[in-house]
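Work through the exercises below with the sequence and the model at hand. Each task is followed by a solution in steps.

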Amino acid sequence: MKKQIISGVQPSGILTLGNYLGALRNWVKIQDEEEYECKFFVADLHSITVSQNPENLRNNIKSIVMQYIASGIDPEKNTIFIQSHVHEHSELAWLLNNYTYIGELNRMTQFKDKSKKQENVKVGLFDYPVLMAADILLYDADYVPVGEDQRQHLEITRDIAQRFNSTYNKEIFKIPEALITKSTARIMSLQDPTKKMSKSDENKDGFISLLDPREVIEKKVKRAVTDSENVIKYSDEKPGIKNLINIYSAVTDKNIEEIEKEFEGVGYGKFKQAVAGAIADTLEPIQAKYNELALPENNEYIENICRKGAEVAQKIAKEKLKEVQEAIGFITK
Ligand code: TRP
C-alpha cells in the first residue's frame, strides 16, 4: 500500500515564488517517488472564508489547476481536483464540527490574525480548520505537505481524528503527519523581510508572482529592501540579504557558502541582478506552459482533468463518509 499524500492551495490568485519554492516544487519532487500516491486539490471552499468576487473566483479556480500543471504536477501521476466537486468535504466538516471544541479553534493563530482584519468575523473563518481536517481525513492521508504556517491546523486535525476514533473505539481515521520540508527556507516579502511573502500583500513589490515577466522581476528585486552594508553575507541581522540569498539558493541549488563566495567583493546591485536573472530563468518554462494551458483550445483538457480527478477522489471520500456516518449511528442509504 502506497503512502497517501494530500495537499491543497486556496484559489486566491496567481501563486507567488514563495508558494512555488515552499510548496509546489516539493510536490513535484514527491510525485516522482514510487512509495507515494498524491492528491492535490483547489481549496475553493476555504477561499470563501474571506469575501470573493464571483468572476475572479471562477477564474482563479481554473488558474490554480493550470498553475499546478505548469509547475510540473503531472495529471497522469496524481489526482488533481476541485474541493467543492467532492461534496463529502463539506459534509464531513459538519460532522467533525461536533467533535471539535470552540476553545481549540479559538487558539488558532491564523484565525486570530485574520479575524483582526475583519469587522464581522464569519463562522466559516472560525471553522476553517475543521474543513481542512475533513479534507485530510477523508483520504486516510499519511502525510500532508504544507508550509510552516499550517502546522497548527495539522495538529488540530490529528486531535479531532484521535478524539473521533476514541469516541467510537474504532480506527476510523488515520492520524496524518505534516510534511514540512526543512531544506526550503521560508521565502519572505521583498519589502518587509520579516514577513512571509504573500500574494495578498497590498504592496505588489513585496512578492514575485509565478507569472511576472523578467522585467518585472528585475524591477522588484532591484527595489527589495536590504541594508547599507553592501556585503553579501548570510546573517539574521541582514534579513533582506538573507532572504535574497535563500531565494537564490533555492532557484540555483547552490548552498549559502558557495553563494557568499560567488559574490565576494560584489555590491548589492550586481547581486540583485543575478538573483533576478535566476528567478526569471526558473519561472520562464512554467510561464510558457501556463500560457499554453490558458489557450481556449485547452479548456476542455483542464476540465477533463478536474472531472476525472473528482471522480477518483469522490469514490474514496464516499466510502470514508459512510464509515463515519455508521460509526456515529446514522442510518446510511
Ligand atoms: N489551509 C491551506 C493553506 O492555506 C490550504 C488547505 C486547505 C490545505 N485544505 C488543506 C492544505 C488540506 C493541506 C491539506 O495553505
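**Exercises**

Glu319 is found in helix 13 (residues 299-328); helices here are DSSP runs of H or I, at least four residues long, numbered from the N terminus. The model is predicted, so local features need pLDDT of at least 70 and side-chain atom pairs pLDDT 80 or more, while totals for chains, interfaces and linings use all residues. Residues are numbered from 1 along each chain as its sequence is written, and side-chain values use heavy atoms, with hydrogens and water left out.

**Exercise 1.** Classify Glu319 as buried or exposed, and state how far Glu319 and Arg158 are apart in space.

*Solution.* Step 1: buried means under 20% relative accessible area, exposed over 50%, and partly exposed in between (1.4 Å probe, protein chains only). Step 2: Glu319 has 54% relative accessibility, so Glu319 is exposed. Step 3: the C-alpha atoms of Glu319 and Arg158 are 20 Å apart, and the two residues are 161 apart in sequence.

**Exercise 2.** Find the salt bridge that Glu323 forms, and the network that Glu323 belongs to.

*Solution.* Step 1: a salt bridge is a side-chain nitrogen of Lys or Arg within 4 Å of a carboxyl oxygen of Asp or Glu. Step 2: the partner of Glu323 is Lys320, with 3.6 Å between the closest N and O atoms. Step 3: both residues lie in helix 13, three residues apart, about one turn of the helix. Step 4: Lys320 is buried at 6% relative accessible area, whereas Glu323 is partly exposed at 33%. Step 5: salt bridges with shared partners join Asp140, Lys320 and Glu323 into one network.

**Exercise 3.** Determine which parts of the chain the salt bridge between Lys62 and Glu303 ties together.

*Solution.* Step 1: the side chains of Lys62 and Glu303 meet at 3.3 Å, N to O. Step 2: Lys62 belongs to helix 3 and Glu303 to helix 13, so the pair links parts 241 residues apart in sequence. Step 3: Lys62 is partly exposed, with a relative accessible area of 31%, and Glu303 is partly exposed, with 34%.

**Exercise 4.** Which residues does Asn60 contact, leaving aside its neighbours within four places in sequence?

*Solution.* Step 1: Asn60 is placed in helix 3 (residues 54-70). Step 2: the relative accessible area of Asn60 is 17%, so Asn60 is buried. Step 3: with contact taken as heavy atoms within 4.5 Å, the residues are Pro11, Ser12 and Gly13.

Notes. Helices (H or I, at least four residues) and strands (E, at least two) are DSSP runs, numbered from the N terminus.
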